[in-house]
Amino acid sequence: MSRPLSSLENTTPKCSDVWMTSLTDKYKARPETPEFEEMCLADFAATCRIVYGKQTKGCDHLESVQHIVKRNQDKYEKNSDEIENAVEEFEQNRGVIDEWCNLAPESEVVRLECIEELEARETDCENEQDNVPEYSNQANAVTEVRAIREPPAFDPILLRQMYQNLNKKQACVFYAVREWCIKRICGLNPDQFFFYINGGAGTGKSHLIKCIYSEASKILCKLPRRAEEADISNPTVLLTAFTGTAAFNISGTTLHSLLKLPRSLKPPFQGLGNNLDEVRSELLNAEIIIIDEVSMVSKPLFAYVDARLKQIKGSQRPFGGMSVIAVGDFFQLPPVRQSKPLCVYDPCEIDLWRGHFQMITLTEIMRQKDDVAFAEMLNRIRVKEKSEELSEPDRALLSQAVTEPELCPTDVLHIFATNKQVDSHNSAMLALLHSHITEIDADDYKKDPQTGRMARQDKPFKGNRNELPDTLNGVRVMLTRNIDVSQGLVNGSFSTLVRVISSEQNGVAHVTMLGLKMDDETAGRNYRNRAPGGPDNLVYIDRAEENMKQKGVVRRQFPIKLAFACTIHKVQGMTRTSAVVSLKHIFEPSMAYVAVSRVTSLSGLHIVDMDESKIYANSQITAALRTMRQVNLDDMMPLLKITQTVNGHDTLTIVHHNTEGLPCHVNDIKSHHELCLADVLCLTETHLQGSFVADSLHLEGYTMFKRNRHLSYTNVPQMANKCGGGVAVYVKEHIQVREKQYVHDVTDLEFLALKVEAPVSALIVAVYRPPDYSVTSFLSNLGSLLDSLEIMDCHPIIVCGDFNENHLSNASKPILELFQSRGYVQLITAATTDKNTLLDLIFISKPQHCLHSGVMRTYYSYHNPVYCVMSSNSP
Ligand SMILES: Nc1ncnc2c1ncn2[C@@H]1O[C@H](COP(=O)(O)OP(=O)(O)OP(=O)(O)O)[C@@H](O)[C@H]1O
């Protein structure tokens, strides 16, 4: 090998001393001693330092590498043998942990149980996803496909009551989504929205989303469609939840089954493959997706939903361009597998939350609304930090529920933190209530290596599934699988085992079906009366199949387990009148809150093993929600906001609404949060007939004035005899008012005039012009009316009503022109109907008296109400 360049540069061109020996040359020339004879080149290179001529001169510190290594080993690995022995001993005996166990036995038990519980939850979760019914597997039951095709059929009467019961905050959200849908069908292309509906347990989140789902579906089905691409019956709103229980609770479907999500969410993303066309044709019309129990959705699952919707919709916009309503309470149970909740930022995961979602918080507790003190206490413990103490009043209230286990009612659900506690309670209850217990063996099959067939085993393998007690009357059981989500036969449904059906196989009785009385009477309709012996209204379930951990073994067993007690993780979303809750071994934030908030009143709650330190929230959630953007919903209920700021003593609030039928909508009017703020409520299209007024039409605190259609037309019989029309005005009882029954020279006009004398003096007239009533005749009669009002010399004059003249169109507006020619101003500027037209108008002779005006919202009429707030102090 040649010498280094630096050395060659110092030689003459004729110099022949250009070569030097390499490592190999030195190896070849190594001493012929036994030590070097045996040495390979690698060892030689590693242990023998190559010393060049120059270096040897005057160097006294030459030392072999081997020597250095040995010296360092002695220095740093002095105790290595002892350490190795100690580790081995520790592995064998776990001495340190045992020592800890001696010091704090209770904590150690809890620690071990928590590990066990977390493992169990992870298995549960796998089962959860595993058990989502497959599209093709259910030949004879109602399948998930049908659940999608046929939207949840809510009873219309019940649904109407649910709309009427919406509290103010719920109603604001409902109207916000409703308005978005109206804009969508009117072609106004509103922006995609991402709402997160937050709220403690029982604040009515599920109630609200059922209402939103129904209303949005009703409106969006009017969207123009391309017939060749989509079936009109396909859903426009997807109602989903993470768990089967939550899905059934809202009559929806699980996210997994709807979007055909794979069991493992690990990257890379798995597309729908051959199923894409089928799923796309079902979901192409969908505009909004509602996801309930979002607090249990992990970030990877959320990212999968986003990717799946992008694929289905063929759009790269977030969630494929669909608007999303995520619903849930992050202060309740978190996602499984230690994943961070969606609202907590994690730089290692795809974040679809922070940039998109805006929050709406429901605060009024509806579940415990008859026990307000309890409800308010629940709201406080929901967000209690670990370092905080319970306040004295809250401690006192909770202590009313604290009791001893032996004093608790045995027939109510017991809720524990760990599976071990649950199993022990279930066994104890079984022994207490049932003296004779037999077990239903699992049917286990194993692949025969010779025939390749699955052969039934004489005896079942031991497994992690419970054998079931064959004993009748009163055994409480819970389903452990999603048998049929659309039918409410889901993992976590409670029931009582009532009947066991057997048939003989090879001379041995073999249990083939179990008859259950479901706690939820609406569950399992299609599974009833399947057993011989006539209808008994029981829900019959069959054995379900699952792969066992042993390779090639399949088990067929009834997917139920004892349920005198259950874990806290099974009760999220449940409402009970009574429950026993143990706070022992609670191992996660929010568990205590979820458990104690299931009951409707404090009197139904029995707490055992009270431990205040177990009641705490996850501080990461508190921090994340504090900084989340809020949706501003003030505009949804403008009158509510205004009446909080004005002084009711010297203002007069006038509302007009075309009711499209007073008798059928009077309950909607009574429950409307803003209509009841009107001092003068003018209603058109009352559809009333005759002089009799039913009690139901009475609005509390109001005096009613009315004029039916047939009295309004003297010279136009075809109008007088037609159904519909009619005007009524409700005036608050404290207001001094006189009806102007006979207004001079005015005929053939549907109107009602009142003179208000205090607190604000005004003439108020409600008018209705039917769309088929000639404009010329109407204008002539309206002109006469305005003349007569002028003569009364009382201002301001307010004429409100449905004039069926669209003030948002470019067409001529003769009615507006007539009013303007008399000096009136029209106050309403925004659309008032579901077709984006402005038909409901308020004309005022002295606009300076008007403080506020605008459009309110309703759900039960094609028209929205309009309002104006008048002041007596205006110039
Ligand atoms: N506006 C309402 N009027 C009357 N009852 C209501 C209303 N909202 C909710 N409820 C009732 O209150 C109870 C709790 O409501 P819901 O299940 O919707 O609450 P939630 O917020 O979803 O609770 P959780 O977080 O525990 O699942 C239910 O019985 C429901 O019917």
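## Ligand site, domains and local features

An oxygen atom of the ligand lies 2.7 Å from an N or O atom in the side chain of Ser206. That distance comes from a predicted model. In total, 18 residues are around the ligand. Among them, Asn165, Gln170, Lys205, Ser206 and His207 come nearest.

Two further residues have a listed distance to a ligand oxygen. Thr203 uses a polar backbone atom, at 3.2 Å. Gln332 uses an N or O atom in its side chain, at 3.1 Å. The table sets these distances side by side.

| Residue | Atom on the residue | Distance to a ligand oxygen atom |
|---|---|---|
| Ser206 | side-chain N or O | 2.7 Å |
| Gln332 | side-chain N or O | 3.1 Å |
| Thr203 | polar backbone atom | 3.2 Å |

Now the domains. The domain assignment divides the chain into domain 1 (1–53), domain 2 (156–362), domain 3 (372–418 + 570–617), domain 4 (438–568) and domain 5 (637–871). Domain 3 is written as two segments, 372–418 and 570–617. Domain 4 covers 438–568.

How do domain 2 and domain 4 meet? Their centres, taken over C-alpha atoms, are 33 Å apart. At the interface, 8 residues of domain 2 are in contact with 12 residues of domain 4. The size of an interface is often given as the accessible area lost when the parts come together. For domain 2 and domain 4, the buried area is about 570 Å², with 68% of it on carbon and sulfur atoms. Three residues stand out on the domain 2 side. Gly244, Thr245 and Phe248 supply 72% of the area that domain 2 buries against domain 4, more than any other three residues.

Which elements give two or more residues to the side of domain 2 that touches domain 4? They are α14 (244–249) and β3 (253–254). Helix α14 gives the most, with 4 residues. By type, this side of domain 2 has 3 nonpolar residues, 5 polar residues and no charged ones.

How many salt bridges cross the interface of domain 2 and domain 4? The count is 0. Polar contact between domain 2 and domain 4 comes to 1 residue pair.

Salt bridges do occur in the structure, which holds 29 of them. Arg380 sits in helix α18 (residues 372–382) and Asp394 in helix α19 (residues 392–399), so the pair ties together parts that are 14 residues apart in sequence.

Pro796 lies in the loop between α27 (775–791) and β29 (797–802).

Definitions and conventions. Residues are numbered from 1 along each chain as its sequence is written. This is a predicted model: local features need pLDDT of at least 70, side-chain atom pairs count only at pLDDT 80 or more; totals for chains, interfaces and linings use all residues. Side-chain values use heavy atoms; hydrogens and water are left out. Domain bounds come from an automatic or database domain assignment. Contact means heavy atoms within 4.5 Å. Buried area is the accessible area (1.4 Å probe) that two parts lose on being put together, summed over both. A salt bridge is a side-chain nitrogen of Lys or Arg within 4 Å of a carboxyl oxygen of Asp or Glu. A polar contact is a pair of N or O atoms within 3.5 Å; within protein, one must be able to donate a hydrogen and the other to accept it, and residues adjacent in sequence count only if both atoms are side-chain atoms. Ala, Val, Leu, Ile, Met, Phe, Trp, Tyr, Cys and Pro count as nonpolar, Asp, Glu, Lys and Arg as charged, and the others, Gly among them, as polar. A residue is near a molecule or strand if one of its heavy atoms lies within 4 Å of it.
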